[in-house]
Amino acid sequence: MKKYTHAWLAMMAMKRIEKAKIPARQSDDAKALITWFKNYRDFVLSGAWYPDSVFKDMTPSHIVKYEPDTSAPEGATASFRVMPPTLQLYQYGLRSDMYGKPFLLNKRHNLCDRCESFTESLIDSFKILTMENEGSPIIPSNNHIAMRFFILSHYIADGHMPLHCDARSFYNDNEVHAFIEDVWDQQVRASYFIDDDNERFFYDPEGYPLKQPEMSELMQYVEEEVETREFVWSWGSGCGNTWDYMSGITQYSYLMSYRLVPADHVPSEISKNLYMESAAFREHFFEYSKVILGDAVESIAKVWLHAWVRYRDWFRGTELAYFKEQQKKADKDLKNANKTITNYPADKQKQAGKVEDARKAVASKQADYDKALAKGGATERKAEALAKAQEKLADARETLAQLEADYKEAESSLENLKALLLAAQIQVKRKEAEIKRYADSNSGI
Ligand SMILES: [Zn+2]
């Protein structure tokens, strides 16, 4: 697909997340994603084109090539993934003659892996952004992450272009492929106001591509689908993550390719002109284009929102863990203060006894020393013993003073510690209640 088609699909996906009826469990997160996106969108739209303009990893990463397995025994079957019913590629695929028939997959191509790893790295980047302090040299910028959302949209969109999933090699270096993508790009460009100087769309007041008064029927159709198609959260019962989902998409994209360019043509002979004269083009091209572009928007929106919700779930869990830790600490501090207060009378009495004992010991050592001195004998050892006893007395008095100080501090901080614990408990309860709102065992994240 070409530059404006890619950028437009990404913008339509954003619009879908904002305008479609998102299931209650994800609707708050969807709103938050759009708010975040709108802050960073302007500088990053070029991301949707980055894989073609800079990475240039067309082979192996923009394609997954399938072909019918002609060596399979008669009547052999292959399993295709079960996808969400709202996907039109899936519905068309189920009605295809080739559905369930064995196919070969070129293992060198890794579009699905690329989509999966981008999804995971988006989530990782948000986690790093959350955990790192401002100014940290390893912190990713929001602009950078937003750009990676758009880069991801490119690979997802490419998986919907049927010829990216079809191993047939067509006339003159895929002339038909380029022609189809040209038609789409021309229609996008004709349907919106384009800021040619800055190579981007002009925007409407809501921040989406500004529509021309006369739009192509195809773009009109997708714009309508964006708002009205039911938003199914699940990946489909045959899929559990971006990789599975994109693997399913590319299977049905392969089946769609045989409708777009039927097998009764010899691939190496189908020139652009021949294709334009074919019934497949004249009678069905518009219909198939609706399916392809409508589903591309659907898939980009789905993968983006799944990544974002996974980050948000992690964030809520991390916050809860932090609040619980605070609660535990506040609880411990309060318990310690109470213990100090409760034990104080007994501890004080015990320590006062020790002081008294030490005082008696000093008196006794003093008497010993005085006696030795009076006798005129050696006093050195007696003096040493006396000094030790005096030291012990000083220590015992100090401990007694400390006990009193601790008691006074515990008593004066008691109300404060109670308030801190209560505040921590409230935070934990609130966060738990918030997370409960999002708890949904059927969400299939
Ligand atoms: Zn591409």
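This is a predicted model: local features need pLDDT of at least 70, side-chain atom pairs count only at pLDDT 80 or more; totals for chains, interfaces and linings use all residues.
**The zinc site**

The zinc ion is held by four residues, with Asp52 (OD), His62 (ND1), His154 (NE2) and Asp158 (OD) coordinating the metal at 2.0 to 2.8 Å. The angles among these four donor atoms run from 79 to 162°, and the site is classed as irregular; a tetrahedral assignment would require all angles to lie between 85 and 135 degrees, so the range found here excludes that label. Along the sequence, the donor residues follow the spacing D-x9-H-x91-H-x3-D. Within this pattern, Asp52 and His62 are 10 residues apart and link distant parts of the chain, Asp52 belonging to helix H3 (residues 50-55) and His62 to the loop between helix H4 (58-61) and strand S1 (66-68). Asp52 and His62 are both buried.

**Helix H1**

Helix H1, which covers residues 3-19 and therefore counts 17 residues, reaches 24 Å from its first C-alpha to its last, close to the 24 Å that is expected at 1.5 Å a residue. Of the 17 residues of H1, 14 are buried, so the helix is largely enclosed by the rest of the structure.

| Pocket | Volume | Lining by class |
|---|---|---|
| Largest pocket | About 400 Å³ | five nonpolar, five polar and six charged residues |
| Second largest pocket | About 210 Å³ | seven nonpolar, one polar and two charged residues |

The largest pocket has a lining of 16 residues, and those that lie nearest its centre are Met1, Met58, His164, His177 and Glu181.

Which residues line the second largest pocket? Its lining consists of Pro68, Ser96, Asp97, Met98, Leu255, Tyr258, Arg259, Pro262, Ala263 and Tyr288. The element that gives the most to the lining of the second largest pocket is helix H10 (residues 242-260), which contributes three residues.

Terms used:
Residues are numbered from 1 along each chain as its sequence is written. Side-chain values use heavy atoms; hydrogens and water are left out. Donors are N, O and S atoms within 2.8 Å of the metal (3.2 Å for Na, K and Ca); water is not among the atoms, so sites may look incomplete. Four donors count as tetrahedral if all angles lie between 85 and 135 degrees; four count as square planar and six as octahedral if opposite donors are over 155 degrees apart and all others between 65 and 115; anything else is irregular. Helices (H or I, at least four residues) and strands (E, at least two) are DSSP runs, numbered from the N terminus. Buried means under 20% relative accessible area, exposed over 50%, partly exposed in between (1.4 Å probe, protein chains only). On a 1 Å grid over the protein atoms alone, a cavity is a set of points where a 1.4 Å probe fits but cannot get out, and a pocket is an open set with protein on both sides within 12 Å along at least five of seven lines; lining residues have an atom within 4 Å of a point. Grid points are joined across faces, edges and corners, and a volume is the space filled by probe spheres set on the points. Ala, Val, Leu, Ile, Met, Phe, Trp, Tyr, Cys and Pro count as nonpolar, Asp, Glu, Lys and Arg as charged, and the others, Gly among them, as polar.
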